[in-house]
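Grab a viewer and work through these exercises with the model open. Each task comes with a step-by-step solution.

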Amino acid sequence: MASCFTKNCDPYILTDFIVPENRTGDTLDGNFFTFTGMCGIFGSIITNFKVTKASKAEFPALDGQSTSLAVLQFPGGGVNPPNTHPRAAVLLFMVQGSLQFGLVDSTNKLYTRTLQFRDLFVFPKGLVHYQSNCDWNKSAIAVSAFSSAYATTLFATGVDDQILAKSFKTDVATIQKIKAGLSS
């Protein structure tokens, strides 16, 4: 079995699941393996871009399972800005509306496509990508499955706002708006 020398991958576990430090296996029940944080998402009115995550932070049962999930809600004209997931490949499944996506490979080649309801697309691990709802009159919803229990993005890594602003040729206020949109 390969070992993980860096923090760029999830840990290998030798048990069925990882029991949180503040609990014992005897105190666990089916609730530990259940996440209800997605309740109310579908059927709601979408006015702002919003990401609702089920990653290790929100759902401790994912620790060691190398998987997580996010629901992305796009209002008409909404954008998920360029981001990357250095620890995970991402499967994006369209469940409502349509989205234009962009993916930049390691040679700086841009791939674009418009995804429709029921389309599935893969974003390879570590590559910059974005999504945009080009329809100003309809909302869109996509479900993202990650090959890591950590559903973080470049904007949630703790990289200084000044560095991100310089990297994306913008200002700190814009970076802070992006971060606010991704955390709400």
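**Confidence first**

The chain averages a pLDDT (the predictor's confidence in each residue, from 0 to 100) of 83, and 84% of the residues score at least 70. Over residues 1-6 the pLDDT is below 50, and this stretch has 7 contacts (heavy atoms within 4.5 Å) in the model beyond near neighbours in sequence. Since we're on a predicted model, local features need pLDDT of at least 70, side-chain atom pairs count only at pLDDT 80 or more, and totals for chains, interfaces and linings use all residues. Residues are numbered from 1 along each chain as its sequence is written, and side-chain values use heavy atoms, with hydrogens and water left out.

**Exercise 1**

Find the residues with the most contacts inside the largest nonpolar core.

*Solution.* 
- A nonpolar core is a set of buried (under 20% relative accessible area) Ala, Val, Leu, Ile, Met, Phe, Trp, Tyr and Cys residues joined through side-chain atoms within 4.5 Å.
- The largest one has 19 residues, and M94 and F123 have the most contacts inside it.
- Leaving out residues up to four places away in sequence, M94 touches partners including L99, L115, F117 and I141.

**Exercise 2**

*Solution.*

Definitions and conventions. Buried means under 20% relative accessible area, exposed over 50%, partly exposed in between (1.4 Å probe, protein chains only).
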